[in-house]
Amino acid sequence: MTQYLKYRAFSVLSSTRSMPEVLGDSGALKRQSVPRFLLKDFLKDDVRSKIAIYDGTNRISKTYEEVYKDCYSVAYNLRYTHNIKANNVVGLMAPTHINYLSAWLGISLTGAASTTINPIYTAEE
């Protein structure tokens with residue numbers, strides 16, 4: 001899948017979509033945030049109960065619906081409990097884990113940027 005991400009506007013053009021779906025009447029790219037673009041089909045009937053992410057080490061999985069709800073839960077709590085908003089930067093300090101995607105997308109849904117910190121990285125990494 002070819003994707004074009006326009007810096008700052010985060011417009012997304014996917015080659016798997018027809019041009020009328022992506023382009024408005026004026027021919028301009030429709031603008032939407034990257035996390036909303038990625039999550040938009042997660043609640044469709046044909047995918048919502050399928051496995052979206054699997055942790056082979058711990059043998060746990062999450063469905064598309066669970067990931068969707070987790071992402072928006074993180075975003076809601078960051079926005080309304082911690083007052084995180086657009087142009088803030090949130091440090092995400094966590095090892096690679098099944099909930100990492102939800103945390104990263106949840107931060108992005110608030111409009112904030114994230115900086116990732118993996119505490120188990122080695123000096124060589």
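This is a predicted model: local features need pLDDT of at least 70, side-chain atom pairs count only at pLDDT 80 or more; totals for chains, interfaces and linings use all residues.
Reader: Where is Thr116 found?

Author: Look for strand S6, which covers residues 113-117; Thr116 is part of that strand.

Reader: How do I read burial? For instance, is Lys62 buried or exposed?

Author: The idea is a cut-off: buried means under 20% relative accessible area, and exposed means over 50%. Lys62 has a relative accessibility of 16%, so this residue counts as buried. Thr116, at 45%, falls in between and is therefore partly exposed.

Reader: Which residues is Lys62 in contact with, leaving aside its neighbours within four places in sequence?

Author: Lys62 sits in strand S4, residues 60-63. Beyond those neighbours, its contacts are Lys50, Ile51, Ala52, Ile53, Val67, Asp70, Ile98 and Asn99.

Reader: And on the surface, which residues form a nonpolar patch?

Author: A residue needs over 30% relative accessible area to join a patch. Here the patch consists of Leu38, Leu101 and Trp104, which together have about 230 Å² of accessible area. Take Leu101 as an example: its relative accessible area is 33%, so Leu101 is partly exposed and passes that cut-off. You will find Leu101 in helix H4, residues 100-109.

Methods: Residues are numbered from 1 along each chain as its sequence is written. Side-chain values use heavy atoms; hydrogens and water are left out. Patches are made of residues with over 30% relative accessible area and no salt bridge: like charges are joined within 9 Å, nonpolar side chains (Val, Leu, Ile, Met, Phe, Trp, Tyr) within 5 Å. Accessible areas come from the Shrake-Rupley method with a 1.4 Å probe; for residues, only the protein chains shown count as cover. A salt bridge is a side-chain nitrogen of Lys or Arg within 4 Å of a carboxyl oxygen of Asp or Glu. Helices (H or I, at least four residues) and strands (E, at least two) are DSSP runs, numbered from the N terminus. Buried means under 20% relative accessible area, exposed over 50%, partly exposed in between (1.4 Å probe, protein chains only). Contact means heavy atoms within 4.5 Å.
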